[in-house]
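Please open the structure in a viewer and keep the selection tool at hand.

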Amino acid sequence: MTTRRRLAPEDRRRLLIDAGERLFATHDYQAVLMEDVATAAGVSRALLYRHFPSKRDLFVAVYQRAAEQLLVDTTFDTALPLAEQLAAGLDVHFDYFEANAKSILAANRILIGDPAIQAIITGELGRLRDRILDILDVEPAARKTVSSILMSWLTFVRVLTVDWLETRHCPRPVLRDACVGAALGALAPLRSR
């Protein structure tokens, strides 16, 4: 007879998010059932529902963790030219988006109106914008303008990448080069002053 080891609540929650992460990455959002998550995590549905009252709540936790990890993985090497730094950051994002296409599409198509998902996306974009602003070493007088341009660019990249995940209309290198070119083009008038 095997004895079950009781996990601390944060460890149990992590286990449940791990199971949800695997299922949301490989199945369409609608196809993921809470009973499948419970089975994958080796727990009862009752225990799963104690931690996550709904599939949406579990997805939000999965997506929040992914956004945080993506920010950790996205680093900028200030010794490189800006275009190369942006290209490297985009490659990290594209790798993640491709590996987790179903989750990305669920967040950006099915749950895009959800306030929690919107907060995660807005927070991630805001932190990326601030990191790029720091790289650019923008003059205080131009910071608000550059901040707006970067937020618009990051939103453009996100929308374009989600469309690319669905359609694959262009090769990934073309997508990356278009995104880098859009940033450099948008910033050019300010950098030439």
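The model is predicted. Begin by selecting Leu82, Gln85, Leu86 and His93 in α5, together with Glu124, Leu128, Ile132, Ile135 and Leu136 in α7; these two groups meet each other. By class, the residues of this contact comprise six nonpolar, two polar and one charged.

The crossing in which α5 passes α7 is right-handed.

Now turn to the cavities. How many cavities of 30 Å³ or more does a search of the whole structure find? The search finds two.

For the largest cavity, with a volume of about 190 Å³, select Leu90, His93, Leu128, Leu154 and Val157, the closest to its centre of the 18 residues that line it. Then display α5, α7 and α8 (143–167), each of which supplies at least two residues of this lining. The largest share, seven residues, comes from α5. The lining of the largest cavity has 11 nonpolar, five polar and two charged residues.

Finally, select Tyr63, Ala66, Ala67, Leu70, Tyr96, Ile104, Glu124 and Arg158, which line the second largest cavity. Its volume is about 40 Å³. Helix α4 (residues 55–73) provides the largest share of this lining, four residues. The classes here are six nonpolar, no polar and two charged residues.

Key. Residues numbered from 1 in each chain as written. Predicted model: local features only at pLDDT ≥ 70, side-chain atom pairs only at ≥ 80, totals over all residues. Heavy atoms only, no water. Left-handed = near helix turned anticlockwise from the far one by under 90°. Contact = heavy atoms within 4.5 Å. Nonpolar A, V, L, I, M, F, W, Y, C, P; charged D, E, K, R; others polar. 1 Å grid on protein atoms, 1.4 Å probe; cavity = no way out; pocket = protein on both sides within 12 Å on 5 of 7 lines; lining within 4 Å. Points joined across faces, edges and corners; volume = space filled by probe spheres on them.
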